Amino acid sequence: MTKYRIAVLPGDGVGKEVVEAAMIVLEEIALDAEYLYGDIGWEFWCKEGNPLPDRTIELLKQTDVALFGAITSKPKKEAREELAPELRDRGLEYFSPIVRLRQEFELYANVRPAKAYPVNPLNYRDGINITVFRENTEGLYSGVEFRPVSDNIKKALSVHPKFKRFMDVPSDELALSCRIFTRKGCERIVKAAFDYAEKYDARSVTVVEKPNVIRETSGMFVEIAREIAKNYPGIELWETNIDAQAMWLVKNPEDYDVLVTSNMFGDIISDLASQLTGGLGFAVAGNIGDDYAVFEPVHGSAPKYAGQYKVNPIAMIRAVKMMLDYLGEHEKAERLESAIEQVVQEGKVRTYDMGGSSSTLDVAKEIAKKYRGE
Ligand code: IPM
Ligand code: MG
């Protein structure tokens with residue numbers, strides 16, 4: 001028996017290539033682990049009508065952690081058209097497998113460190129080191145949506161005076177997406193953010209919402225943040241609105257340490273933070289729950305680059321780094337981080353996004369070399 005069982009889900013397009021790169025690095029790290037490959041992605045939607053087959057869920061349940069590459073998703077109509085003909089009339093709906101994984105495994109903390117590696121030509125500015133804690137299981141991603149909005153739902157909503165002006169809108173001309181927050185959901189993400197801030201000696205945690213307008217959901221989130229902040233006297237709680245925060249991240253990004261926010265706002269603000277620190281080639285996410293975690297690069301499957309071994313594998317290799325930390329392999333994690341730093345700093349082996357012409361696997365090999373100490 002190995003110490004760890006790690007699920008590997010390459011997915012589609014460049015997902016496969018960056019996972020191959022990650023495995024080069026993992027081979028060098030020589031973790032006492034068994035790697036179990038699982039099916040996920042567009043191919044399985046087309047062939048089986050499910051991009052996340054049950055056997056993959058079962059596989060994940062037998063592992064400690066998963067590494068995930070990337071998948072292709074397409075709008076409703078196209079998804080239906082690409083289904084195998086025998087599956088087409090079954091009323092199957094495409095649902096993002098990564099969103100499903102986050103919810104089914106209760107991976108409530110989406111942790112996105114945006115760090116400006118020294119001398120990265122893609123840095124918007126040096127000295128940025130922001131970690132976004134994005135709630136990962138509820139909010140606008142709850143999936144409770146209606147179109148058309150039937151009469152019984154309209155009736156239920158009519159208890160609210162502000163719904164009056166929508167009452168006469170025809171059902172098929174109304175769409176409704178529910179932003180659902182729970183106390184438990186808010187508490188655990190805020191707590192995760194503060195624990196992280198404490199561990200890394202961060203000065204502040206900024207709660208980013210919009211309670212002046214979205215009074216109930218954002219309001220509850222901020223209230224809970226204030227309660228929880230009391231348990232961390234050494235860390236300042238800052239409160240900002242999501243729109244202003246977007247401006248301030250461009251104006252003075254160095255001032256922020258840890259940001260904590262709900263699902264949709266976190267999706268948006270973490271892309272902004274990523275773009276300040278290298279863009280998609282660097283953007284990484286840990287989907288972390290109490291019992292399981294999935295680590296992934298934020299980028300998609302990039303169909304236009306698939307098969308070319310062109311994309312930057314650093315985001316995926318940072319996912320390996322985060323996984324090592326999650327497993328408690330901190331020494332290996334730090335050594336890997338320093339290997340990445342050295343490769344970025346030397347700038348000899350770079351993919352196209354950084355102005356170079358090296359391949360995905362060349363970058364991985366160079367990082368492995370630095371890990372070895374060469
Ligand atoms: C992300 C992505 C996903 C999300 C998509 C692919 C469903 O944008 O991980 O940020 O919206 O969460
Ligand atoms: Mg996103």
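This short talk covers the salt bridges of the structure above.

A word on conventions: this is a predicted model, in which local features need pLDDT of at least 70 and side-chain atom pairs count only at pLDDT 80 or more, while totals for chains, interfaces and linings use all residues. Residues are numbered from 1 along each chain as its sequence is written, chains are lettered from A and ligands numbered from 1 in the order in which they are written, and side-chain values use heavy atoms, with hydrogens and water left out.

With a salt bridge taken as a side-chain nitrogen of Lys or Arg within 4 Å of a carboxyl oxygen of Asp or Glu, the count comes to 30.

One of them joins the side chains of Lys 210 and Asp 243, at 2.9 Å from N to O. Lys 210 sits in the loop between β8 (204-209) and α8 (217-229), and Asp 243 in helix α9 (residues 242-251), so the pair ties together parts 33 residues apart in sequence; helices (H or I, at least four residues) and strands (E, at least two) are DSSP runs, numbered from the N terminus. Lys 210 is buried, at 18% relative accessible area, whereas Asp 243, at 43%, is partly exposed; buried means under 20%, exposed over 50%, and partly exposed in between, with a 1.4 Å probe and protein chains only.

Turning to helix α13, the side chains of Lys 369 and Glu 366 meet at 3.7 Å, N to O, and these residues, three apart in that helix, are separated by about one helical turn. Salt bridges that share partners join Glu 346, Lys 348, Glu 366, Lys 369 and Lys 370 into one network.
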